[in-house]
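Here are some notes for a colleague who is opening this structure for the first time. They are meant to be read with the model on screen, one point at a time.

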Amino acid sequence: MKSQIIMEKPAAIAADLLVLGFFQGTSALDTEGQTLDRQLKGQLTELMSEGIFKGKAGEHFMIHTREYLAAKRMLLIGLGKKEAFDGEGLRKMAAVALRQAEKVRANSMALILPDTGQMAAEMVGQCLQEGLDLAAYRFERYKKQEETEQPLVTVSDVLLNRRKGMKVKELEKGIETGRILSKGVNIARDLVNEPPNVMDPTAMAEEAIAIARETGMAVTVLEQEDMEKLGMGCFLGVTAGSRRPPKLVVLTYKGAGDASKEVIGLVGKGLTFDSGGISLKPGAGMDEMKGDMAGAAAVLGAMAAIGRLKPTVNVTAVVGLCENMPSGSAYRPGDILTAMNGKTVEILNTDAEGRLVLADCLAYARHLGVTRVVDVATLTGACVIALGNHASGLISNDDGWQQAVVDAGKAVGEACWPLPAFDAYGEQIKSDVADLKNVGGREAGAITAGLFLKAFANEIPWVHMDIAGTSYTKKPLAYQQKGGTGVAVRILAQLVSHWKP
Ligand code: BES
Ligand code: MN
Ligand code: ZN
């Protein structure tokens with residue numbers, strides 16, 4: 001979506017929809033508000049004194065303004081308490097504005113920027129653009145035109161009416177960053193929303209190659225034979241039951257050249273479909289397992305953004321792509337697999353496959369010289385039980401690195417919550433016949449899955465992010481349609497761009 005910065009008297013802005021935000025509990029209108037109110041023959045003060053509009057977060061009210069203002073309609077948006085207003089408040093404001101603009105089929109929209117106090121103008125531009133681009137996302141590729149919910153008119157232009165003191169250059173820089181981040185998120189959403197018959201490992205590897213080409217990154221795709229040579233027995237076990245060939249994709253971004261010894265690794269679980277394998281999942285809801293590649297999608301979306309933001313760090317992304325299917329060639333409960341790093345794993349449930357793919361991906365990332373790593377995965381139903389849909393679970397071996405992920409999450413409005421990683425939990429994944437077993441029982445399932453991965457990241461600082469509950473939503477959220485959320489894309493991009501070794 002194109003945003004253009006203006007500075008005009010609100011009453012003179014000729015847009016289909018003019019948007020004005022109000023903070024809760026501010027009884028008096030500011031000068032801009034007062035002027036507008038006068039032009040609207042006191043409608044604003046009336047709405048507030050009658051208690052119809054209080055300015056609560058998420059509240060909105062449409063006014064028809066044709067005779068009074070240059071704009072056709074005006075939308076009031078509640079911004080909540082002024083002290084609590086932040087970047088996420090701006091994203092939500094932009095999203096509400098866009099949804100209402102679509103409802104009244106506005107072709108153009110103007111936002112009067114609220115008083116954001118100390119917030120940097122760059123941040124203001126970035127958050128507004130994210131709210132707009134993320135709320136405008138739709139996945140309707142497979143629907144006939146007349147059946148889509150696509151509004152007849154889409155908002156093509158947004159005017160941002162800046163406040164005194166907000167520098168145009170800074171706002172514009174933020175808008176560009178917001179655009180880049182949203183594009184990364186929407187790439188991840190598309191990858192998750194595409195059906196598993198279309199977005200299989202080969203198709204996903206092709207998407208990764210396209211991202212690398214567009215951003216000038218190096219890309220390598222390992223085929224099954226390469227994985228065999230490297231001894232990736234865990235990964236190969238999982239893919240064995242599928243007819244679709246597995247792919248292991250490596251993207252290399254060198255923002256710091258050879259000047260830095262530090263290489264951040266981003267590792268993603270990319271099960272393009274997880275049926276459970278021989279330990280088959282129940283039928284109800286199995287379709288959602290097309291989203292079991294959301295970790296890989298997040299890593300690819302983040303790399304697309306990183307390649308455009310150009311931070312001065314080196315990043316190596318490793319995504320493991322395959323299917324988990326039952327068949328005559330599938331791996332079995334009882335099998336013992338050997339990972340690339342030599343560790344042996346007793347399989348007790350073929351549905352605990354993500355940790356096996358990630359084990360070899362983490363070992364391979366280390367083999368490539370990664371010095372610290374974050375892995376992202378839709379790893380456990382247990383994490384959904386523990387944290388629901390509002391926070392991703394973290395397991396780590398390094399408090400500082402974990403805190404950096406938590407902080408990045410706060411900055412982008414996606415909560416991450418550390419789970420305890422006490423050694424005592426490790427007892428649950430000790431095997432009688434191998435180094436490890438791939439399931440640790442029902443208790444603390446998200447933690448034991450994380451600790452399994454720890455054995456493959458070993459010495460280097462590592463954070464595991466379980467996005468099983470946050471990568472997919474069954475109901476629309478502020479700037480999110482039903483389906484893939486693109487969670488973790490902005491977290492990873494933020495983490496990498498702000499990391500100081
Ligand atoms: N992909 C699933 C986890 C999952 C569950 C993701 C719900 C998204 C929503 C994973 O591969 C899985 O099946 N995990 C099992 C592990 C168990 C067998 C130890 C689980 O969570 O039930
Ligand atoms: Mn599974
Ligand atoms: Zn899975």
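**Notes on the annotated site, the ligand and one serine**

1. K269 is buried, because its relative accessible area is 2%, and that falls under the 20% limit used for burial. Please keep in mind while reading that this is a predicted model. As for its place in the fold, K269 belongs to strand β9, which runs over residues 263-274.

2. K269 is also one of the positions that the UniProt record, an unreviewed entry, annotates as "binding site", the others being D274, D292 and E353. These positions are spread over 85 residues of sequence, yet they cluster in space, with a largest C-alpha distance of 11.2 Å.

3. Where does E353 sit? Its place is in the loop that lies between β12 (344-346) and α10 (354-367). E353 counts as buried because its relative accessibility is 1%.

4. Turning to the ligand, which residues come nearest to ligand 1? Of the 15 residues around it, these are K281, D292, D351, E353 and G381. By class, the shell around ligand 1 is made up of seven charged, four polar and four nonpolar residues.

5. Several polar pairs around ligand 1 can be inspected one by one. A polar side-chain atom of D351 is placed 2.8 Å from an oxygen atom of ligand 1, and an N or O atom in the side chain of E353 is likewise 2.8 Å from an oxygen atom of the ligand. With G381 the polar atom belongs to the backbone, and it lies 2.7 Å from an oxygen atom of ligand 1. Taken on its own, ligand 1 has 520 Å² of accessible area, of which the protein covers 75%.

6. A last point concerns S396, which lies in strand β14 (residues 392-396). S396 is buried, with a relative accessible area of 12%. A polar atom of the S396 side chain lies 2.9 Å from the backbone nitrogen of D398, and a polar atom of that side chain lies 2.8 Å from the backbone oxygen of W462. Not counting residues up to four places away in sequence, S396 touches W462 together with Q402, A421 and V463.

Methods:
Residues are numbered from 1 along each chain as its sequence is written. Chains are lettered from A and ligands numbered from 1 in the order in which they are written. This is a predicted model: local features need pLDDT of at least 70, side-chain atom pairs count only at pLDDT 80 or more; totals for chains, interfaces and linings use all residues. Side-chain values use heavy atoms; hydrogens and water are left out. UniProt positions are given in the numbering used here, feature names are shortened, and annotations may be inferred rather than shown by experiment. Helices (H or I, at least four residues) and strands (E, at least two) are DSSP runs, numbered from the N terminus. Buried means under 20% relative accessible area, exposed over 50%, partly exposed in between (1.4 Å probe, protein chains only). A residue is near a molecule or strand if one of its heavy atoms lies within 4 Å of it. A polar contact is a pair of N or O atoms within 3.5 Å; within protein, one must be able to donate a hydrogen and the other to accept it, and residues adjacent in sequence count only if both atoms are side-chain atoms. Accessible areas come from the Shrake-Rupley method with a 1.4 Å probe; for residues, only the protein chains shown count as cover. Ala, Val, Leu, Ile, Met, Phe, Trp, Tyr, Cys and Pro count as nonpolar, Asp, Glu, Lys and Arg as charged, and the others, Gly among them, as polar. Contact means heavy atoms within 4.5 Å.
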